[in-house]
Amino acid sequence: MEWWNYWWLIFPIMGMAGGAAKAWERGARRRHERRLETLRIKAQLKAAEIEARALTQQGKRRGPSFVDTTASVPSNDLLVRLFAEHDEITAHWLDYELDVAKLIAFPAMSDGRQPLTAAFLRAKKKADALRPASADAKVSEQQVGEYLQAVGDYAVAFEIAEKDARRLRDSTFTEPERKRLERAQQLLKVAIDESATQSERNVAYKRVREELDGLILLSDDAVTVLEKQVAREIAAPTAPPTPPASADPVSSAPEPERIPLPLRNEQAPRTTEGFRDEQA
């Protein structure tokens with residue numbers, strides 16, 4: 001029997017494939033929901049941890065006296081702590097955003113197409129928007145609570161995005177693209193090497209930009225920082241200090257005493273003509 005006699009098997013096979021695809025989609029949706037729930041719980045724990053630390057610091061400043069733990073933390077004390085947490089997370093993020101070497105090593109941290117990186121960027125935008133102007137600003141308890149939750153979300157989102165970026169590294173790129181990233185990393189070392197000539201650094205910098213073109217989008221701030229490193233002046237060899245005139249061994253040596261020689265027969269010195277007459 002020929003194989004086309006079993007054409008009717010196409011329909012059950014298509015049904016099985018469709019069922020498998022739907023099952024995979026349902027599983028992916030459940031995994032995504034579990035990830036979001038984990039993110040939410042971690043953010044709540046982080047917010048509670050920040051508030052507890054602010055309360056503890058307040059108690060330390062007041063001394064060992066009794067502290068009413070049921071009382072709410074004053075807004076300005078909590079805001080000071082939240083500002084510190086907010087700035088610390090942003091500083092960690094800028095370590096990746098402005099350091100081209102780190103961007104090449106962990107490209108997912110600058111790729112907004114990555115879901116976890118996109119979630120972090122959204123959390124950052126929200127925390128920045130809810131941040132009060134100062135710790136002494138007049139804000140309501142609701143505003144402080146919202147900012148507290150936003151900073152907690154920001155901290156957890158960054159932690160998860162960073163772990164994922166370090167796990168992925170360059171695995172999302174093709175083999176030719178990974179080779180380009182590797183060349184860019186090697187050229188970058190030359191571009192910022194102070195022992196290289198300015199011409200060598202300029203050529204290496206140009207090739208780094210060419211290798212990264214289409215792979216990693218460098219921010220304007222990252223380009224500015226890199227260009228400053230490339231254009232840094234090469235330190236010239238330090239010349240030995242010139243000793244002062246008084247320290248010159250020749251000029252500082254005492255001049256020999258001039259002793260007058262006695263003239264022959266106590267006469268005046270002979271001229272050239274007198275010397276010739278004597279020889280004659």
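Q: Is the crossing of H4 and H5 left-handed or right-handed?
A: A crossing is left-handed if the near helix is turned anticlockwise from the far one by less than a right angle, and right-handed if clockwise; in this predicted model, the crossing of H4 and H5 is left-handed. Local features here need pLDDT of at least 70, and side-chain atom pairs count only at pLDDT 80 or more, while totals for chains, interfaces and linings use all residues. Residues are numbered from 1 along each chain as its sequence is written, and side-chain values use heavy atoms, with hydrogens and water left out.

Q: At what angle do the axes of helix H4 and helix H5 cross?
A: Axes are lines fitted to C-alpha atoms, for helices over the stretch in contact, with angles running from 0 to 180 degrees between N-to-C directions, and helices are DSSP runs (H or I, at least four residues) numbered from the N terminus. The axes of H4 (residues 115-130) and H5 (residues 141-168) cross at roughly 155° and come within 8 Å, so the two helices are roughly antiparallel (angles over 145 degrees).

Q: Which side chain meets Glu211 in a salt bridge?
A: A salt bridge is a side-chain nitrogen of Lys or Arg within 4 Å of a carboxyl oxygen of Asp or Glu, and Glu211 forms one with Arg183 (3.1 Å, N to O). This pair links distant parts of the chain, with Glu211 in helix H7 (residues 198-212) and Arg183 in helix H6, 28 residues apart.

Q: Is Glu211 buried or exposed?
A: Buried means under 20% relative accessible area, exposed over 50%, and partly exposed in between (1.4 Å probe, protein chains only); Glu211, at 12%, counts as buried, whereas Arg183, at 38%, is partly exposed.

Note on methods:
Parallel < 35°, antiparallel > 145°, perpendicular 65-115°, else oblique.
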